[in-house]
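Me: Hey, could you walk me through this fold? I'd like to start with the aromatics and then move on to the sheets and the core.

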Amino acid sequence: MLARRRKPDKTAAGGRSPTQPNSLFGEILDWMLAPLLFLWPISIIVTHNVADNIANQPYDRALADSVRALARLVTVEEGKVAVHFPAPPRALFRADQDDVVYYQVANESGDLVTGDREIGWTPAPPILIPEDVLYRDDVIQGEEVRIAYQFLRPWPEPASPLVLVQVAETRNKRSDLASRVVTGVLLPQFAIIPLAVVLVWVGLTRGIAPLNRLQSLIRRRRPTDLSPIAAASVPEEVRPLIVAFNDMMARLEENLHAQQRFIADAAHQMRTPLTGLRMQTELALQETDPVALRESLSRIAQSTERASHLINQLLSLARAEASFEKLYAVETIDLRALVRDVALDLFPRAQAKNIDLGVEGGSDVLTVEGNPVLLREMIKNLVDNAIKYTPVGGSVTANTRYAGAPILEVEDTGVGIPEADRERVFERFYRVLGSGEDGSGLGLPIVREIAELHRATVTLNPNPAGQGTIVQVVFPRGHVPPPIQVYGDFPLG
């Protein structure tokens with residue numbers, strides 16, 4: 001449906017539209033830098049996990065060597081598990097000032113054979129692989145430790161009890177190595193990220209330079225320069241916008257030329273009646289005979305009426321010439337009721353010429369979508385033209401019907417229109433010679449403008465009943481008129 005032009009919403013403070021877009025440069029910069037700043041903390045977390053894995057590998061191997069060395073010392077003496085150290089255990093496990101090392105040998109029941117009780121027992125895996133060293137993390141005396149452990153069968157029997165050998169080490173050296181790896185990776189990033197921001201800024205500045213040149217080119221244009229911009233000279237991404245801009249400029253230039261032609265034609269048409277009116281007024285001022293003065297005043301009244309009619313038709317044409325985007329007040333209209341109203345308004349004119357003015361059509365409602373003011377103007381011009389060019393005693397009939405689409409027909413028994421002139425009569429100020437009637441030549445152009453505005457078609461056909469013309473207006477079936485705009489009380493061309 002057609003709608004009124006919506007006024008832009010303004011904010012209470014700055015008066016700017018809340019939907020006003022941000023800078024294109026800022027938008028691109030935000031979408032490039034925001035993901036970078038979002039991914040940076042994620043990269044820190046990933047780097048820290050990778051550094052922990054890197055730090056664990058060499059120290060886990062050393063811890064596994066310690067477990068295997070301790071396992072080789074486990075023996076069975078008199079049916080009991082024993083451990084014989086060739087040197088002090090702390091020297092064997094290379095304890096240092098950074099970390100504390102714990103060791104333990106325990107039997108399957110959890111009884112300590114030798115070592116530190118702080119290391120907890122852990123169950124054997126479902127599938128035990130000989131010489132396989134396993135790892136786990138735990139806490140001893142409030143400190144995180146890394147534990148390497150191995151299950152042994154010191155007895156030769158396959159179902160003999162297991163012995164658990166464990167070596168635990170605090171994570172100080174590991175954490176220190178991981179911190180050094182993270183620091184070595186992240187420190188360059190502190191320099192790379194600002195450098196990346198600068199490079200992105202410079203790249204975007206150079207990238208939108210063609211837009212700035214295009215802006216300068218448009219700003220340097222004179223107000224009267226509506227020539228198209230060469231689309232080949234702009235970036236490919238902006239080319240559709242420039243093509244649309246050129247199309248808009250072409251339509252604007254066409255509208256300006258139409259307005260200039262209208263002003264020139266209107267000035268030419270207004271000059272003649274105004275000149276005649278001035279001359280008749282001067283003659284009336286010189287008259288002393290009351291009868292001659294009355295005749296002069298009568299001619300002045302007739303000239304004034306013709307000038308008024310011409311001005312009204314010029315205003316109607318200006319209104320009808322509004323493009324599809326410049327209408328207003330579109331609604332569902334009963335076409336038959338509108339025809340009857342116009343016929344009642346023009347009935348005195350038809351009666352003055354003894355013309356039989358009739359309205360035909362069904363009694364039901366025949367609706368069309370459109371502007372009631374303009375449609376009334378169109379029907380008025382059709383019926384008024386028919387009355388004007390129909391001789392005294394003739395007939396004019398306005399008929400509405402539905403034949404797949406709403407149809408309006410105005411039939412008269414007037415002088416008729418020659419076939420060669422049936423298209424030219426829709427041109428402004430064109431009048432058929434020999435009609436014997438005064439006119440401005442604007443009635444049918446107004447009709448066509450309004451019909452095209454409502455996507456209807458207008459055709460002129462000879463009256464099959466004899467002399468005269470049938471003007472037929474066919475409205476589209478179920479058509480939706482275009483959006484409309486209103487400026488005050490009148491549409492602007």
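Reply: Happy to. One definition to begin with: rings of Phe, Tyr and Trp, with Trp taken by its six-membered ring, pair if their centres lie within 6.5 Å, and planes over 60 degrees apart count as edge-to-face. Also keep in mind that this is a predicted model.

Me: Good. Which residues form the aromatic cluster?

Reply: W121, Y149 and F151 form one cluster. The structure holds 2 aromatic pairs. W121 and F151 have ring centres 6.3 Å apart and planes at 80 degrees, so that pair is edge-to-face.

Me: Where do W121 and F151 sit in the chain?

Reply: W121 is in the loop between strand 4 and strand 5, while F151 is in strand 6, 30 residues apart.

Me: Which charged end sits over the ring of Y149?

Reply: That of R136, 5.0 Å from the ring centre.

Me: How many bridges join strand 5 to strand 6?

Reply: There are 7, and the two strands run antiparallel. As an example, D137 has R146 in strand 6 as its bridge partner.

Me: What about the sheet with mixed pairing?

Reply: That open sheet has 5 strands in the order 9-11-12-14-13. Its edge strands are strand 9 (356-360) and strand 13, each pairing on one side only. The twist there averages 15 degrees from one strand to the next. Inside the sheet, 5 bridges join strand 12 to strand 14, which run antiparallel, and I407 has V474 in strand 14 as its bridge partner.

Me: Which strands does helix 8 touch?

Reply: Helix 8 packs on the sheet against strand 9, strand 11, strand 12 and strand 14, and its direction makes about 20 degrees with that of strand 12. Helix 7 lies across strand 9, strand 11 and strand 12, running at about 175 degrees to strand 9.

Me: Nice. Now the largest nonpolar core: which residues touch the most other members?

Reply: M378, I379, L408 and F475, out of 36 residues in that core. Helix 8 (372-388) is among the elements that supply at least two residues, and its 8 residues are the largest share.

Me: What is F475 in contact with, beyond its neighbours within four places in sequence?

Reply: L335, V368, L375, M378, A405, P406, L408 and A456. There is also a second, separate core of 18 residues, which includes L73, V83, Y103 and V165.

Me: Last one: how many helices and strands are in the protein chain?

Reply: 9 helices and 14 strands. Of the 493 residues, 36% are buried. For contacts with a separation of 6 or more, 65% are between residues 24 or more positions apart.

How values were computed. Residues are numbered from 1 along each chain as its sequence is written. This is a predicted model: local features need pLDDT of at least 70, side-chain atom pairs count only at pLDDT 80 or more; totals for chains, interfaces and linings use all residues. Side-chain values use heavy atoms; hydrogens and water are left out. Two strands pair if DSSP finds at least two bridges between them. Helices (H or I, at least four residues) and strands (E, at least two) are DSSP runs, numbered from the N terminus. Rings of Phe, Tyr and Trp (its six-membered ring) pair if their centres lie within 6.5 Å; planes under 30 degrees apart count as stacked, over 60 as edge-to-face and the rest as tilted. A charge sits over a ring if NZ of Lys or CZ of Arg is within 6 Å of the ring centre and within 35 degrees of the ring normal. A nonpolar core is a set of buried Ala, Val, Leu, Ile, Met, Phe, Trp, Tyr and Cys residues joined through side-chain atoms within 4.5 Å. Buried means under 20% relative accessible area, exposed over 50%, partly exposed in between (1.4 Å probe, protein chains only). Contact means heavy atoms within 4.5 Å. Axes are lines fitted to C-alpha atoms, for helices over the stretch in contact, and angles run from 0 to 180 degrees between N-to-C directions.
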